[in-house]
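Please examine the model below together with its sequence.

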Amino acid sequence: MRIGLTGRPTTTEKLVEQAKDAEKGGFSSVWYDSTVLGDPLAAMAVAGRETSTIELGTAVLQTYPCHPLLQANRAASVAEAMGRPGFTLGIGPSHEPVVSGMYGLPYDRPGHNTEEYLRILTGLLRRESVTFEGSEWTARGARVETRQPVPVLLAALGPRLLRVAGELADGVVLFMASARAVETHVAPRLRAVASAAGRPEPRIVAGLPVAVHDDITEARAAVAETAASYERMPNYRRIMDIGGAQSPADVAVLGDEKSVTRQLQGLLDAGATDIQVFVVPVGEDRRRSRKRTMDLLTSLVT
């Protein structure tokens, strides 16, 4: 299985060690969100030089606060510093409480905004000269020099952004999308659009909370405590509804070793190409709980 880990380190040293350990353990990737260390890119560049093959990706960086030309230059600088392929740029429009509430920016047309953003960003990362006059974003004669490839994944959950991802990006990075949501909603839409656009088969990186634990009720409570905020965000609420889930605990991958293995395989069978695991410790002995989950995951990737 192509399984990646969610990285939440508190120092650059810990981020580097996590990447090195994940590579040694056979994991395909580690993913960092925009809040890691305030901005994960500098530390990811360091980790990329200390590793050889593991993919290091963002899941995700916000689009609104950063012009696509600057975003492309930032991504290219990380790839250059790593000195090898393996950096993947995952981006997304974030959520209204963050964009409007924190940054004070309008969030009136996130779909339209993201489509214009991707048209500029992906062209730049393909080493094209980009001139684009949009209503939300503009670039004139922009160019970015990239020595290493930088794939772009979009945080796409709804129909419009799935179309944008299929036409312009290299795939999607999901969170809170169950196997049912991937099979019935994400994969068919994304692949149909990519095929019609003459694009390669898109990646589908499916992120979910995971815990190997015998007491399902206790495991569900741990997920509810950890992921409660996602239930209140409209984008995640919609994808959970599509998957027939009432809460993050309903989409989490929980159970003993056999059950968790079966559920992870179910994600791949539904159309996911990669799995991003957010390990949730359960019970009083959090270290032991995490180790049990990691032991199973390691057995599945080696």
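The following questions and answers concern this predicted model.

Q: Why is Thr-6 called buried?
A: Buried means under 20% relative accessible area. Thr-6 has 15% relative accessibility, and therefore counts as buried. Thr-6 belongs to strand β1 (residues 3-7).

Q: What makes the pairing of the side chains of Thr-6 and Gln-276 a polar contact?
A: A polar contact requires a pair of N or O atoms within 3.5 Å. The side chains of Thr-6 and Gln-276 make such a contact at 2.9 Å. Beyond four places in sequence, Thr-6 touches residues including Trp-31 and Phe-278.

Q: Why does Gly-255 count as buried?
A: The limit for buried is under 20%; Gly-255, at 4% relative accessibility, therefore counts as buried. This residue of strand β11 (residues 253-255) is in contact with Ala-211, Val-212, His-213, Ile-216 and Val-260, leaving aside neighbours within four places in sequence.

Q: How do you know that the span of helix α3 agrees with its number of residues?
A: The expected span is 1.5 Å times one less than the number of residues. For the 15 residues of α3 (residues 68-82) this should give 21 Å, and the end C-alpha atoms are 21 Å apart, so the two agree.

Q: What puts the buried residues of α3 on the same side of the helix?
A: The buried residues are Pro-68, Gln-71, Ala-72, Ala-75, Ala-76, Val-78, Ala-79 and Met-82. They cover an arc of only 155 degrees around the axis, and so lie on the same side of α3. The elements they pack against include α2 (41-50), β5 (87-92) and α5 (110-125).

Methods: Residues numbered from 1 in each chain as written. Predicted model: local features only at pLDDT ≥ 70, side-chain atom pairs only at ≥ 80, totals over all residues. Heavy atoms only, no water. Helix = DSSP H or I, 4+ residues; strand = E, 2+ residues; numbered from the N terminus. Buried < 20%, exposed > 50% of the residue type's maximum accessible area, 1.4 Å probe, protein only. Polar contact = N/O pair within 3.5 Å; in protein donor to acceptor, adjacent residues only side chain to side chain. Contact = heavy atoms within 4.5 Å. Arc of directions from axis to C-beta.
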